Amino acid sequence: MSLDLAPDRARTPLSPNALRKIVRTLAEEPDQWIHKVRLATDDRWYERLESSEDHEVWLISWLPGQSTGFHDHGGSRGAFTVALGELEELSLPSPDQGLLIRRLPAGSDRAFGPDYVHDVRNTTSGPAVTLHAYSPPLSEMSHYDLRAGGLVRTSVEGPEQW
């Protein structure tokens, strides 16, 4: 009987900075994804580009007015980059701080840990395209309403809804 004492890499999530590198590198290679982009008027369009045991990568397009609403990533770490266009991100860094609003022009990226909650939206007059990476792959996402007392969870969705 032999014991495998090597660490199980598939169970160790990639760091936010490693995920940032993945999306930045992919954004610099538009020939790998630009032909897949679709624009959908009802809601954001998205497609999973890569999936492995330790991470996944998504391509998302945004028309003016489209947003995610406040949501988390079910305990996954993440990163995204704005490949085309411009977006806005809203977050509450802590209960005692106010709402933080960031403009994210093309080339901007964000990386975050497993407890991060944000709202990403297209407030411009043109479309935008983003690349997102998550580790471990998303297993669920919770949605929240912003109320006077802070964020209140309103729903949870799983992969069968994506």
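In what follows, a residue is buried when its relative accessible area is under 20%, exposed when that area is over 50%, and partly exposed in between, using a 1.4 Å probe and protein chains only. By that criterion, 38% of the 162 residues of the protein chain count as buried.

A word on provenance. This is a predicted model, in which local features need pLDDT of at least 70 and side-chain atom pairs count only at pLDDT 80 or more, while totals for chains, interfaces and linings use all residues. Residues are numbered from 1 along each chain as its sequence is written, and side-chain values use heavy atoms, with hydrogens and water left out.

I begin with the overall dimensions. The C-alpha trace of the protein chain spans about 65 × 45 × 30 Å along its principal axes. For 162 residues, a compact globule would have a radius of gyration near 15 Å, and the 16 Å of the protein chain agrees with this; the radius is taken over C-alpha atoms, and the globule rule is 2.2 Å times the number of residues to the power 0.38. With contact defined as heavy atoms within 4.5 Å, residues 24 or more positions apart account for 68% of the contacts with a separation of 6 or more.

Next, the secondary structure. The protein chain has 1 helix and 11 strands, these being DSSP runs numbered from the N terminus (helices H or I, at least four residues; strands E, at least two).

Five of the strands deserve attention. An open sheet is formed by 5 strands in the order β1-β2-β9-β4-β7, with antiparallel pairing; two strands pair if DSSP finds at least two bridges between them. At the edges stand β1 and β7 (109-112), each pairing on one side only. Between β1 and β2 there are 6 bridges, and Ser51 stands opposite Glu56 in β2.

How does the helix relate to this sheet? Helix α1 packs on the sheet and touches β1, β2, β4, β7 and β9, its direction making about 20 degrees with that of β4. Here axes are lines fitted to C-alpha atoms, for helices over the stretch in contact, and angles run from 0 to 180 degrees between N-to-C directions.

Which residues of α1 are buried? They are Leu19, Val23 and Leu26. These cover an arc of only 65 degrees around the axis, which puts them on the same side of α1; the arc is that of the directions from the helix axis to the C-beta atoms. Asn17 and Lys21, on the other side of α1, are exposed. The cover over the buried residues of α1 includes β1 (45-51), β2 (56-62), β4 (77-84) and β9 (128-135).
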